[in-house]
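Subject: Handover of a structure

Hello,

Please take over the structure below.

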Amino acid sequence: MNIAAGVTAWHETSDNQSFGFDPSGQLGLPAYVTAQAPLFPDVNVGSQSPMGPGGNDQQAVTNHGPIGTVSVTSSS
């Protein structure tokens, strides 16, 4: 008989690469752009899911797990 068991856990991190970017100073856009969208660019198309950084999140961390597995085999 063979018995195998395992546990998996991982952390998934999404670093916002536009944190600290100033579209007004670096791209010459009006100052209200920085005030309205501090994490530039922020793209919204109608009622679809937005693209770009999520609501003032500098980083988003998702924790997965623990996920456990057990396997048993027997030979007769």
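The notes go from the whole chain to single residues.

This is a predicted model, in which local features need a pLDDT of at least 70 and side-chain atom pairs count only at pLDDT 80 or more, while totals for chains, interfaces and linings use all residues. Residues are numbered from 1 along each chain as its sequence is written, and side-chain values use heavy atoms, with hydrogens and water left out.

Whole chain

The chain has 2 helices and 2 strands; helices (H or I, at least four residues) and strands (E, at least two) are DSSP runs, numbered from the N terminus. Read from the N terminus, the order is β-α-α-β. The mean pLDDT of the chain is 77, and 79% of the residues score at least 70. Here pLDDT is the predictor's confidence in each residue, from 0 to 100. Where pLDDT is low, the predicted coordinates should not be read in detail. Among the elements, helix 1 has the highest mean pLDDT (84) and strand 2 the lowest (80).

Of the 76 residues, 11% count as buried. Buried means under 20% relative accessible area, exposed means over 50%, and partly exposed lies in between (1.4 Å probe, protein chains only). The chain has an accessible surface of about 6200 Å², and 53% of this belongs to carbon and sulfur atoms. Accessible areas come from the Shrake-Rupley method with a 1.4 Å probe; for residues, only the protein chains shown count as cover.

A contact means heavy atoms within 4.5 Å. Of the contacts in the chain with a separation of 6 or more, 60% are between residues 24 or more positions apart.

The helices

Ser24 is in helix 1 (residues 23-27). Ser24 counts as buried because its relative accessible area is 18%. Its side chain reaches the backbone oxygen of Pro30 at 3.0 Å. That is a polar contact, a pair of N or O atoms within 3.5 Å; within protein, one must be able to donate a hydrogen and the other to accept it, and residues adjacent in sequence count only if both atoms are side-chain atoms. Neighbours within four places in sequence aside, Ser24 is in contact with Leu29, Pro30, Ala31 and Thr34.

Thr34 lies in helix 2 and is partly exposed, at 24% relative accessibility. Not counting residues up to four places away in sequence, Thr34 touches Asp22, Pro23 and Ser24.

Ala37 sits in the loop between helix 2 (31-36) and strand 2. Ala37 is buried, at 16% relative accessibility. Its C-alpha atom is 9.8 Å from that of Asp22, which is 15 residues away along the chain.

The strands

Glu12 belongs to strand 1 (residues 2-15) and is partly exposed, at 44% relative accessibility. Glu12 and Thr62 are 50 residues apart in sequence, yet their C-alpha atoms are 5.1 Å apart.

Val72 is in strand 2 (residues 59-73). Val72 counts as exposed because its relative accessibility is 52%. Together with Met1, Ile3 and Val70, Val72 forms a nonpolar surface patch of about 480 Å² accessible area. Patches are made of residues with over 30% relative accessible area and no salt bridge; like charges are joined within 9 Å, and nonpolar side chains (Val, Leu, Ile, Met, Phe, Trp, Tyr) within 5 Å. A salt bridge is a side-chain nitrogen of Lys or Arg within 4 Å of a carboxyl oxygen of Asp or Glu.

Regards
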